[in-house]
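Subject: Structure handover

Hello,

Here is the structure I promised to pass on. Please open it first, then read my notes below.

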Amino acid sequence: MAVNQAQMTPGNLATAIGGASQLERKPQTYWSMAIQSLRRDRMTLVAMGFLVVLLLLSVFATPITNALVGFGPNETFPENAFAKPYIWPYIKWRVGMDMVTAPTILGQTGGKIYWLGADQLGRDQLARLLSGGQVSLTIAFVAAGISMLLGVSVGALAGYFGGIVDDIIMWFINTMVSIPAIYLLIIVSAIFSPSPITLTLFLGLFGWFGTARFMRGNVFKVRSLDYTLAARSVGARDGRIMLQHVIPNSIPVIIVLTAIDVGALILTESALSFLGLGIQPPTASWGSMLSRANNFLFLIDPATGSYSALHLLVAPGILITLTVLAFYLIGDGLRDALDPMLKNKS
Amino acid sequence: MGRYILRRLIQAIPTLLGVSIISFLLVNSAPGDPLVLRTFGDPNITDVDREIMRRQLGMDQPLPMQYISWMTGLAVRSGNVIEEFERTGSACTFIGVLNTTICDKGGGILRGDLGTSIQTKQAVWDRLVERMPATLELGTAALVLSLIIGVPLGVLSAVYRGSWFDNMVRFLAVIGQAVPNFWLALMAIFLFGVVWGILPTGGRQTATLTGDTDIADKLWHLILPAIVLSFGSLALFSRIMRTETLEVIFTDYIRTAKAKGLPMSRVWFVHALRNSLIPMMTILGPAALGVLAGAVVTETVFTWPGMGRLALDAARQRDYPMVLGAGMFFSVLVIMGNLLSDIFYGIVDPRVRLS
């Protein structure tokens, strides 16, 4: 059997299974196979779609705010504090279910349309969610970029040089992961008062350890593989082996790690901002919006007897959850698409 | 086994040193001159006094010397400076051969002195110890909860793979890791505490004059924060148990167990669980510490009087010694936890000891 296989060139294999026409099928590359596999993954596609919409909304936050809201995310109208979301009454009005509520609300707010309601200062929640999304997503993407860059290069260095360099790097990483990340971030934001830029830097600087560990392991793994041995035998130098074999071999996992990392960073940033150690008011971020809502949990609107801050509590939380979920799902989907071996396992 | 434990212990030392170095550097980069903070508003202290104090505190020394002094509470100076130091009440010895004076200033990290809180002037260590029971109570409750729910969920999910139950568990596991813990806490307080009013909205017990209540009241207060805190690790446990159970489910010994007519529950929860639990051992240590770290947020939202909230309040008030003390304390816990979980893993799986 083994002899038989060895004798089969692709040509006579194709003839053996049904004519030369089989060969006209385009040879598939790794990436085209990955894309094909992604196309079949409905969950990941939905997540990607959600993310694209979210990114577009964030990029065009200002024009969208201008068109839908008419005033900025930090403009306050105290007389409209805790205005209810206008969207439900509006829908009921348009379909003719309730012809009274929507116009009444419009009258109360002085003609201002709060699609998703207003906060305690009468700022528009939709505008704040949009600009908060801009802030949160930018921070997460930039921080993920920093931590990937650091993680890949430091990990590759450790794996490439080995020996004492590796020992020192691993010692540093082991030390840093021993300090719980949330404490590290609390400490540095207490010492250096946070701005969006320093926050991004800290998140990036404290986020690369896992990637570096993975990268280091992968360098060791790939260096012991046969094709590296082959490359070495034909005279390739270390630098070439790193750039041609080790790093490309790691790219799929790095992509997966990055997607999951962005999600995790959004969670961390929102938690820090919620705790008052991240984005500072009046700049909106999803986490800090919830930190305000926290103070109004018990508040009841005397006119209707309903909870005044319900919309302030629900909207940012759902948005954070869905965004993080989207990144995690994309990470999972990419892992399935990029690592066929892994997929067959489960 | 003894050698394995010893090796692991020795491996922990550089990490502990590293944590102490980083903490020291952070202490040093904290804004504000500690000397000014210490003597603030005291009219009897002149700049000359400050200069002397600065020398006595060793703040004129190079950083590595300051680090040693910070760690051990010992001050090392060249020359015979016994007199200058003994005025402050430090015990000193002069070693003639090396021409150095070694003084015991007292304190030092190694002797469990994490410094003094700027806010309350209490020892950082005392404040941490005072808050520890509350955090341990909450953390243990959350961990136990996530184990007794997460493990069976994962096993059943693997047994009934592909069913609606499996899909639901997997979906919940992803949601559980994506939902921000603080929002979950807020929603739980809002629904159970405010809207339905069936559970307390925060605190560890009902406020009473004597300051003490019965155990039922304490458990009552524990329910909501423990459930919220357990969510993340519950999701993690169920996911890992599912994967691990899938690994063992097709092995020969499971087939044998089935073939000899054992009840299915026994096959899954005794034969399969035993082996799929082993990888859980490695994750248990880090997961426990993840719970402790998550407690910062949960404790804050539920006004739970634990260490996490203590550290956060300290950070908000810029009480650096307190924040750093708490951070260092947790880091030591992390290192110990990893050590224990490694040793435990070595006991359960002898192969680990050899590598």
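Chain B has 14 helices and three strands. Its radius of gyration is 26 Å, well over the 20 Å that the globule rule gives for 355 residues, so chain B is more spread out than a compact globule. The C-alpha trace of chain B spans about 85 × 55 × 35 Å along its principal axes. Please keep in mind that this is a predicted model.

Two more totals for chain B. Of its 355 residues, 36% count as buried. Take the contacts in chain B with a separation of 6 or more: residues 24 or more positions apart account for 68% of them.

**The sheet in chain B**

The three strands form an open sheet, in the order E1-E3-E2, and the pairing is antiparallel. Which strands stand at the edges? They are E1 (74-78) and E2 of chain B. Each has a single partner strand, so one side of each is left without a neighbour in the sheet. On average, neighbouring strands of this sheet are turned by 20° against each other, direction ignored.

Now look at one pair. Strand E2 (residues 91-95) and strand E3 (residues 100-104) of chain B pair in the antiparallel sense over five bridges. Phe94(B) stands opposite Thr101(B) in E3(B). Ile95(B) has Thr100(B) of E3(B) as its bridge partner. The hairpin of E2(B) and E3(B) has four residues between the strands. In that hairpin, Asn99(B) takes a positive phi near 55°.

Start with Thr303(B). It lies in the loop between H11 and H12 of chain B. Is Thr303(B) buried or exposed? Thr303(B) has 12 C-beta neighbours inside 10 Å, so it counts as exposed.

Next, Arg318(B). This residue sits in the loop between H12 and H13 of chain B. Arg318(B) is partly exposed, with 16 other C-beta atoms within 10 Å. Arg318(B) and Ala30(B) are 288 residues apart along the chain, yet their C-alpha atoms are separated by 9.2 Å.

Then Gly176(B), in helix H7 of chain B. Gly176(B) has 21 C-beta neighbours inside 10 Å, so it counts as buried. What does Gly176(B) touch, not counting residues up to four places away in sequence? The answer is Phe231(B), Gly232(B), Leu234(B) and Ala235(B). Ile278(B) is 102 residues from Gly176(B) along the chain, and the two C-alpha atoms are separated by 23 Å.

**Chain A**

Chain A has 17 helices and zero strands. Of its 346 residues, 39% count as buried. Residues 24 or more positions apart account for 73% of the contacts in chain A with a separation of 6 or more.

Which residues of H12(A) are buried? They are Phe209(A), Thr211(A), Ala212(A), Met215(A), Arg216(A), Asn218(A) and Val219(A). The buried residues of H12(A) pack against helix H8 (125-161), helix H9 (163-178) and helix H14 (238-274) of chain A.

**Where the chains meet**

The contact takes 42 residues from chain B and 34 residues from chain A. On the side of chain B that touches chain A, six names come up as giving two or more residues: helix H1 (2-29), helix H7 (164-178), helix H8 (181-195), helix H11 (264-301), helix H12 (307-316) and helix H13 (320-348) of chain B. The largest share of that side, nine residues, comes from H13(B). By class, the side of chain B that touches chain A has 33 nonpolar, seven polar and two charged residues.

Best wishes

Conventions. Residues are numbered from 1 along each chain as its sequence is written. Chains are lettered from A and ligands numbered from 1 in the order in which they are written. This is a predicted model: local features need pLDDT of at least 70, side-chain atom pairs count only at pLDDT 80 or more; totals for chains, interfaces and linings use all residues. Two residues are in contact if their C-beta atoms, placed from the backbone, lie within 7 Å. Ala, Val, Leu, Ile, Met, Phe, Trp, Tyr, Cys and Pro count as nonpolar, Asp, Glu, Lys and Arg as charged, and the others, Gly among them, as polar. A residue is buried if 20 or more other C-beta atoms lie within 10 Å of its own, exposed if 12 or fewer, and partly exposed in between; C-beta atoms are placed from the backbone. The radius of gyration is taken over C-alpha atoms; the globule rule is 2.2 Å times the number of residues to the power 0.38. Two strands pair if DSSP finds at least two bridges between them. Axes are lines fitted to C-alpha atoms, for helices over the stretch in contact, and angles run from 0 to 180 degrees between N-to-C directions.
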